[in-house]
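Dear colleague,

Please find below the sequence and the structure that I am handing over to you. A summary of what was found follows directly after them.

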Amino acid sequence: MSATAVRLDDAVLADVAAAAASVDANTTPASAVLARLAEQGLLDTGLPQGDDTSRPSEDVRPTAELIAAIAQECVSSAFSVWAHRMVLEYVARGERSVRTNRLLDQLRSAQRVGATAMAAGLKSLAGLGEVDIIATRTGQGWSLTGPVAWASNLVAGSVFVAPARTLDGQSLVVWVDTDAPGVTVRPVSGLLALDSTASGSLKLENVAVADDQVLSTDLAGFARDFRPVFLVLQSAFCVGLIRRSLAEATTSLARGDNPALASDVHQLDLDVQRLLDTWEALAADVTSGTARELLQLRLDASHLAGRATRLEATLAGGRGYLRTSGTSRRFREAAFLPVQSPSEGHLRWELATLPA
């Protein structure tokens, strides 16, 4: 990417690489990297500062390249950064108040960890179901009841952003403390990969949310605003994984009978470059892409990550088959991408509904 991209300190990247095995084993939390990035001022690049309510930058190249660089060493850590950054985006793009400005500062400094729980909202807008959280008006704001099927970064003291709806059809986007009364976090463990991302479900029972925790009363409009960033930055950790697997595959070409696969590596290299050209152009201005282009980018990035990690594993041979190897880890990380929301089924559904 261009010179606008921020430079991630080599020492931080080395630490991410060194911790990748323990993060994969879930003995180090994926969100541990957030504090280091906050120290360098890298979590909020392109966002308005202080009480400034101007729009965030539509050039997300610095953040996209940051996430990709981390993903080259550890997708779990990159995924945690993505989730946290999206909560920063939601808060910065939403209605502002003294409380949301304070929350924004806490997220910038990683004093609080952000968990995005917007999947149900995006699925509902695509015609794939309804928002499950029901909001009832109270004198002090709103009372929320319902489930969140999946969220990550659900660490102690974290904050999540989720959609809600009233029974008469009004929509809301709100932020909620995970330790608020009435919120139950149900952790999930034993994942094939990304087990350290503090993922799980949430149950809300009569959770009190004040009016100044409401970021938007127009889910569709709010999603149109943030979704280009959402998809480009999701594609960023796919890009990091692709780059690393392509580099590993290229290095392995000279071993044994691997030269027979040189054409496969060459074709992958060409396809990766085409994807990178599209990704970089959209990251430079997220408003420049159509809905189809953004969705296709995310789908293509997921497919290419699967292809790249399979080719790396093929060329690595037996040493890559070891459970603790980087090759094995990347293969498992890529298996997550088709099921991450928006899942491959969701992406294909939406693409099929859009005009050609």
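Pro342 is placed in the loop between α11 (326-336) and α12. The peptide bond that leads from Ser341 to Pro342 is cis, and its omega is near 0 degrees. Please bear in mind that this is a predicted model; the features reported below should be read accordingly.

Backbone geometry

As background to the peptide bond just described, most peptide bonds are trans, and most residues other than glycine have a negative phi. Two residues deserve a note on the second count. Leu194 has a phi near 60 degrees, a positive value in a residue other than glycine. Leu194 belongs to the loop between β6 (183-187) and β7 (200-210), and with a relative accessible area of 2% it is buried. Asn206 also has a positive phi, near 50 degrees, and is likewise not a glycine. Asn206 sits within strand β7. Is Asn206 buried or exposed? Its relative accessible area is 58%, so Asn206 counts as exposed, the cut-off for that class being over 50%.

Strand β5 and its partners

On one side of the pairing, β5 is joined to strand β4 (residues 159-165) by 7 bridges in the antiparallel sense. Within this pair, Ala162 has Val174 of β5 as its bridge partner. The hairpin formed by β4 and β5 has 5 residues between the strands, and Gly169 there adopts a positive phi near 100 degrees.

Strand β5 also runs antiparallel to strand β8 (residues 214-216), to which 2 bridges join it. Val174 takes part here too, with Val214 as its bridge partner in β8. Val174 is therefore a bridge partner both of Ala162 and of Val214, by the pairing of strands as defined here.

The largest pocket

The largest pocket has a volume of about 590 Å³. Its lining consists of 36 residues, and those nearest its centre are Met118, Ala119, Ala120, Trp150 and Ser341. Two or more residues of this lining come from each of α4 (75-93), α6 (119-125), β3 (141-151) and β4. By class, the lining comprises 23 nonpolar, 10 polar and 3 charged residues.

At least two lining residues are supplied by each of α6, α7 (219-252), α9 (291-316) and α12 (344-353). Which helix gives the most to this lining? It is α7, with 6 residues. The lining divides into 11 nonpolar, 4 polar and 3 charged residues.

At 61% relative accessibility, Arg224 counts as exposed. The C-alpha atom of Arg224 is separated by 30 Å from that of Ala156, and the two residues are 68 residues apart along the chain.

Two buried residues with polar contacts

Thr63 lies in helix α3 (residues 61-71) and is buried, with a relative accessible area of 3%. Its side chain makes a polar contact of 3.1 Å with the side chain of Arg85. Apart from neighbours within four places in sequence, Thr63 is in contact with Thr45, Arg85 and Leu233.

Arg93 is located in helix α4. With a relative accessible area of 11%, Arg93 is buried, since the cut-off for that class is under 20%. The side chains of Arg93 and Glu58 are joined by a polar contact of 3.5 Å. Leaving aside neighbours within four places in sequence, the contacts of Arg93 include Arg55, Pro56, Ser57 and Glu58, as well as Phe222, Asp225, Phe226 and Val229.

With kind regards

Definitions and conventions:
Residues are numbered from 1 along each chain as its sequence is written. This is a predicted model: local features need pLDDT of at least 70, side-chain atom pairs count only at pLDDT 80 or more; totals for chains, interfaces and linings use all residues. Side-chain values use heavy atoms; hydrogens and water are left out. Helices (H or I, at least four residues) and strands (E, at least two) are DSSP runs, numbered from the N terminus. On a 1 Å grid over the protein atoms alone, a cavity is a set of points where a 1.4 Å probe fits but cannot get out, and a pocket is an open set with protein on both sides within 12 Å along at least five of seven lines; lining residues have an atom within 4 Å of a point. Grid points are joined across faces, edges and corners, and a volume is the space filled by probe spheres set on the points. Ala, Val, Leu, Ile, Met, Phe, Trp, Tyr, Cys and Pro count as nonpolar, Asp, Glu, Lys and Arg as charged, and the others, Gly among them, as polar. Buried means under 20% relative accessible area, exposed over 50%, partly exposed in between (1.4 Å probe, protein chains only). A polar contact is a pair of N or O atoms within 3.5 Å; within protein, one must be able to donate a hydrogen and the other to accept it, and residues adjacent in sequence count only if both atoms are side-chain atoms. Contact means heavy atoms within 4.5 Å.
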